[in-house]
Amino acid sequence: MSLNILAVDDSRTMRDMLKLALGQAGFTTHLAEDGEHGLEVLTQLSPDAIITDINMPNLDGFGFIDAVRKQQKHRGIPILVLTTESAPELRARARKAGATGWIVKPFDPTKLVQAITKVAG
């Protein structure tokens, strides 16, 4: 199954790791450096799923999720949060903003691919 994925993370290393892990699973991965850039990329793309970090400059993950959910075109896209944060109140805030799931870094590539396949398949 070939899925189109948008990965938003301010860490170049994390973007490279995501591109590698998702590419090996046969997914096409589009990358963005922060929430603002993610919204720009979204204007050219209809991804099957979005992965986003929370702590980013310019527009953080909460703001990004909120902005995506306000767009009719992208309202139904599954959004997975991939972050070092694990606090229950942050998870609740992400869920309230419209996140579909939460994965704590460092991620297991196999589990990440399974999670994406589950929400987007």
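1. Asp 9 counts as buried because its relative accessibility is 2%; buried here means under 20% relative accessible area, exposed over 50% and partly exposed in between, computed with a 1.4 Å probe on protein chains only. The model is predicted, so local features need pLDDT of at least 70 and side-chain atom pairs count only at pLDDT 80 or more, while totals for chains, interfaces and linings use all residues. Residues are numbered from 1 along each chain as its sequence is written, and side-chain values use heavy atoms, with hydrogens and water left out.

2. Asp 9 and Lys 105 meet through their side chains in a salt bridge of 2.8 Å, N to O. The two residues are 96 apart and link distant parts of the chain: Asp 9 is in the loop between strand E1 (4–8) and helix H1 (12–24), and Lys 105 in the loop between strand E5 (101–104) and helix H5 (109–120). A salt bridge is a side-chain nitrogen of Lys or Arg within 4 Å of a carboxyl oxygen of Asp or Glu. Helices (H or I, at least four residues) and strands (E, at least two) are DSSP runs, numbered from the N terminus.

3. Lys 105 also forms a salt bridge with Asp 53, with the closest N and O atoms 3.5 Å apart. This pair, 52 residues apart, again links distant parts of the chain, Asp 53 being in the loop between strand E3 (49–52) and helix H3 (61–69). Both Asp 53 and Lys 105 are buried; for Lys 105 the relative accessibility is 14%.

4. The structure holds 3 salt bridges. One of them pairs Asp 66 with Lys 70, the closest N and O atoms being 3.2 Å apart. Asp 66 counts as partly exposed because its relative accessibility is 34%, whereas Lys 70, at 61%, counts as exposed. Shared partners join Asp 9, Asp 53 and Lys 105 into one network of salt bridges.

5. Strand E3 is covered on both faces: Ala 49 and Ile 51 on one side, and Ile 50 and Thr 52 on the other, are all buried. In a regular strand, side chains alternate between the two faces of the sheet. E3 runs parallel to E1, joined by 4 bridges, and parallel to strand E4 (residues 79–83), joined by 3 bridges; strands pair if DSSP finds at least two bridges between them. Ile 51 stands opposite Ala 7, and its bridge partner in E4 is Leu 80.
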